[in-house]
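Please consult the sequence and the structure shown below while reading.

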Amino acid sequence: QTFKANLFKKILTYANILWSELNAMEGKMKRISFIFSFVLILCITSGVYTKVDSVNAGTSRIATVAVKKSKNVKQKQKIINTKKQLINSIIKHVINLDKDIRLKISRKAVKNKDSEFNKIFDRLTESVEYNEIMSHAKGYKTSTHDNGGKYYYFTLKTDYKINKAEAKTILANIQPIIRTKEELIKSIVAHTENLDEEFSINVDNRVLSYNNQKEYNALWDELYAIPEINDIVHYSKGDDSDFIQYKNYFKWKTKIKYDITRKEVAELNNFVRSWVAENIKPEMTEEEKARAINDFMVKEYRYTYGEKKLSSTDTLSCPGGNLGKYSVYTSFALLYGKGGVCDAKAKMFYRLAKKAGIKVLYITGRAGGMLHAWNLVNIDGYWYHVDVTWNRGHYEGTGENEYVARLDYYLKSDATMRKDHSWNAKNYPAANYDYPVS
């Protein structure tokens, strides 16, 4: 009540002042002016000011005044002033699954021309996030609204096949773009060892040209030379690869089935880890570690083509066979069947030496007129050949389990090995000396 009384007094005061000012005016005009002015005063005093009581129960009530703001005033739309802002804005809206995007664009930033927007959408495909979400879109439409002046409006309407929860999952599992060949090989090895039957990797165009058959085959030659991959691809039941090309990278999608389980892969890795822990001691020299691995393999694993007889598809230079389900060309045949050919033995030596902290390579070539595999090891800074297959000697007429342990092919130089081995020397480091084995 006090507030209303004070307000009424103010109105009367303003009215009296106004009446005094209008005394000089006569007749109808005087009355119209007074009424108009009085109404104006009422509007100002009642509309601009509003009473806001602060509630403080049990104490005092303090009256305050504040300017009333219109609820109908719309916030100004942010203006796109650079190409980068436009690209980032579109990406942000797309990954949020916004279906109807309307942007206000400065003409100085992007001209309202098809050629300009073609460049923008070309640059958008540099974003993995944008590409992943748009690959789940049914389609999209674009349009512009231009009334001249400094600005115009761009609209992007997209129909998505996924919901926000699915989009969140997709974005959380996006793989970064692989920028080097080393990263690419590491990624493929990891997926192979994990027996991933379906996976995708994003590869920078500068790392690999998958359309170049020679370059693509060279990559797989390098991959097959990695024992961890070679051991497992023998159990591949077929694979299918698909490539999706974007501006600066491609998406490599792979589907593959294996005739081996993660449990078996884990058992092989656990065997290597436990054997090294039990037999390789920190105080041992590098040569002592290599000798321990060589002697174990010579004693433990027989040379065998397995249970399969030579067929018309086999050759004397590359006979095939299995021990149970396991290819004699893999470490799994040694683990589960205690035997295999040179390829399996070179891979197992590689695994054990690598786990023991020795620099080691898997090498392929020929020996005795047949395809052959053995190893190179680095001892005290120098490379040497080790052939655990030929270090398990046999007398003519003896069986698989009868052997003679020897060191004729242990820590040997290139010159010594070339007496009965051959290989592409440019692919491997030089071994210039025989190690003085006692």
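The protein chain has 14 helices and 21 strands, where helices (H or I, at least four residues) and strands (E, at least two) are DSSP runs, numbered from the N terminus. This is a predicted model, in which local features need pLDDT of at least 70, side-chain atom pairs count only at pLDDT 80 or more, and totals for chains, interfaces and linings use all residues. Residues are numbered from 1 along each chain as its sequence is written, and side-chain values use heavy atoms, with hydrogens and water left out.

**The chain as a whole**

- Of the 438 residues of the protein chain, 40% count as buried; buried means under 20% relative accessible area, exposed over 50%, and partly exposed in between (1.4 Å probe, protein chains only).
- Among contacts with a separation of 6 or more in the protein chain, 60% come from residues 24 or more positions apart; contact means heavy atoms within 4.5 Å.

**The four-stranded sheet**

- An open sheet is formed by four strands in the order β3-β4-β6-β5, with mixed pairing; two strands pair if DSSP finds at least two bridges between them.
- The edge strands, each pairing on one side only, are β3 (79-80) and β5 (137-145).
- Strand β4 (residues 100-106) runs antiparallel to strand β6 (residues 151-160), and seven bridges join them.
- Across this pairing, Leu103 stands opposite Phe154 in β6, and Ile105 stands opposite Tyr152 in β6.
- Eight bridges link β5 and β6 in the antiparallel sense, with Ser143 opposite Thr155 in β6.
- β5 and β6 form a hairpin with five residues between them, and Gly148 in the turn has a positive phi of about 85°.

- Helix α3 (residues 83-95) lies across β3, β4 and β6 and runs at about 170° to β4; axes are lines fitted to C-alpha atoms, for helices over the stretch in contact, and angles run from 0 to 180 degrees between N-to-C directions.
- Helix α4 (residues 114-124) also packs on the sheet, where it touches β4, β5 and β6, and its direction makes about 45° with that of β6.
- In α4, the buried residues are Glu116, Phe117, Ile120, Phe121 and Leu124.
- Seen down the axis of α4, these buried residues fall within an arc of 135°, so they line one face of the helix; the arc is that of the directions from the helix axis to the C-beta atoms.
- The cover over the buried residues of α4 includes α3, β4, α5 (128-134), β5 and β6.
- Asn118 and Lys119 are exposed residues on the face of α4 turned away from its buried side.

- Strand β10 (residues 249-258) is mostly covered, as seven of its ten residues are buried.
- Strand β8 (residues 198-204) pairs with β10 in the antiparallel sense over seven bridges, and the bridge partner of Asn202 in β10 is Lys251.
- Strand β9 (residues 236-245) likewise pairs with β10 in the antiparallel sense, over eight bridges, and Ile244 stands opposite Lys251 in β10.
- A hairpin is formed by β9 and β10, with three residues between them.

**Helices α11 and α13**

- Helix α11 (residues 286-300) packs with helix α13 (residues 342-355) at an angle of about 145°, and their axes are 10 Å apart.
- On the α11 side the contact is made by Ala290, Ile293, Asn294, Phe296 and Met297, and on the α13 side by Lys345, Met348, Phe349, Leu352 and Ala353.
- The residues of this contact divide into eight nonpolar, one polar and one charged; Ala, Val, Leu, Ile, Met, Phe, Trp, Tyr, Cys and Pro count as nonpolar, Asp, Glu, Lys and Arg as charged, and the others, Gly among them, as polar.

**Two buried residues**

- His191 lies in helix α7 (residues 181-193) and is buried, with a relative accessible area of 17%.
- Leaving aside neighbours within four places in sequence, His191 is in contact with Asp196, Phe199 and Ile201.
- Met284 has its place in the loop between α10 (262-279) and α11, and Met284 is buried, with a relative accessible area of 19%.
- Apart from neighbours within four places in sequence, Met284 is in contact with Asn279, Lys289 and Ala292.
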